[in-house]
Amino acid sequence: MTMRPLVVLGLVLVVAAGVALDGADGAGECGRASADRVALRLAPCISAADDPQSTPTSSCCSAVHAIGQSPSCLCAVMLSGTARAAGIKPEVAITIPKRCNMADRPVGYKCGEL
């Protein structure tokens, strides 16, 4: 058994415990939710974020499509502390929308320096 599921579970618990402390008064890239909280929705994408040749699951693509309605949010999520702590490689994660055949993804979309 790998440690990754335990790391993701630990992150879920930490973020869930911190929800009450989340100031969320202003709107960020993901509206009133922090990018770290939204990143938890990408849990089904763990394997797709490891292997750039893999086909993402339908639940992963559904989550990416929903978050991708706001490209700045999707970018913030893929570069979030939660994603980094889970071992997500941003340069691989940013390829998931294309691998999910998101027709409405921005052409030439970049995240930071990616």
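Analyst: Start with Cys60, which is buried, with a relative accessible area of 0%. Buried here means under 20% relative accessible area, exposed over 50%, and partly exposed in between, with a 1.4 Å probe and protein chains only.

User: What kind of model is this, and how are residues numbered?

Analyst: This is a predicted model, where local features need pLDDT of at least 70, side-chain atom pairs count only at pLDDT 80 or more, and totals for chains, interfaces and linings use all residues. Residues are numbered from 1 along each chain as its sequence is written, and side-chain values use heavy atoms, with hydrogens and water left out.

User: Which residue does a disulfide join to Cys60?

Analyst: Cys45, with an S to S distance of 2.0 Å. A disulfide is taken as a pair of cysteine sulfur atoms within 2.5 Å. The pair links distant parts of the chain, 15 residues apart: Cys45 is in the loop between helix 2 and helix 3, and Cys60 is in helix 4. Helices are DSSP runs of H or I with at least four residues, and strands are runs of E with at least two, numbered from the N terminus.

User: Is Cys45 buried or exposed?

Analyst: Cys45 is buried, at 4% relative accessible area.

User: And the handedness of that one, right or left?

Analyst: The torsion about the S-S bond of Cys45 and Cys60 is about 110°, so this disulfide is right-handed.

User: How many disulfides are there in the whole structure?

Analyst: A search of the whole structure finds three. Cys61 and Cys100 form one of them, their sulfur atoms 2.1 Å apart. Cys61 lies in helix 4 and Cys100 in the segment after helix 8 (96-99), so the pair ties together parts 39 residues apart in sequence. The torsion about its S-S bond is about -85°, so the Cys61 and Cys100 disulfide is left-handed.

User: What about Cys30 and Cys73?

Analyst: They form a disulfide too, with sulfur atoms 2.0 Å apart. Cys30 lies in the loop between helix 1 (4-18) and helix 2, and Cys73 in helix 5, so parts 43 residues apart in sequence are tied together. Cys30 is buried at 14% relative accessible area, and Cys73 is buried at 6%.

User: Back to helix 4. Which of its residues are buried?

Analyst: Cys60, Cys61, Ala63, Val64 and Ile67 are. Seen down the axis of helix 4, the buried residues fall within an arc of 160°, so they line one face of the helix. The arc is that of the directions from the helix axis to the C-beta atoms.

User: What does that face pack against?

Analyst: The buried residues of helix 4 pack against helix 2, helix 3, helix 5 and helix 8. For Ile67, leaving aside neighbours within four places in sequence, the contacts are Val38, Arg41, Leu42, Cys73, Leu74 and Val77. Contact means heavy atoms within 4.5 Å.

User: Now the largest nonpolar core. Which members touch the most others?

Analyst: Of its 29 residues, Leu42, Val64, Ile67, Val77, Ile88 and Ile96 do. At least two core residues come from each of helix 2 (35-39), helix 3 (46-50), helix 4 (58-67) and helix 5 (71-78), and helix 5 gives the largest share, six residues. A nonpolar core is a set of buried Ala, Val, Leu, Ile, Met, Phe, Trp, Tyr and Cys residues joined through side-chain atoms within 4.5 Å.

User: Last one: where is Ser80?

Analyst: Ser80 is in the loop between helix 5 and helix 6 (81-85). Ser80 is buried, with a relative accessible area of 5%. Not counting residues up to four places away in sequence, Ser80 touches Ala35, Asp36 and Ala39.
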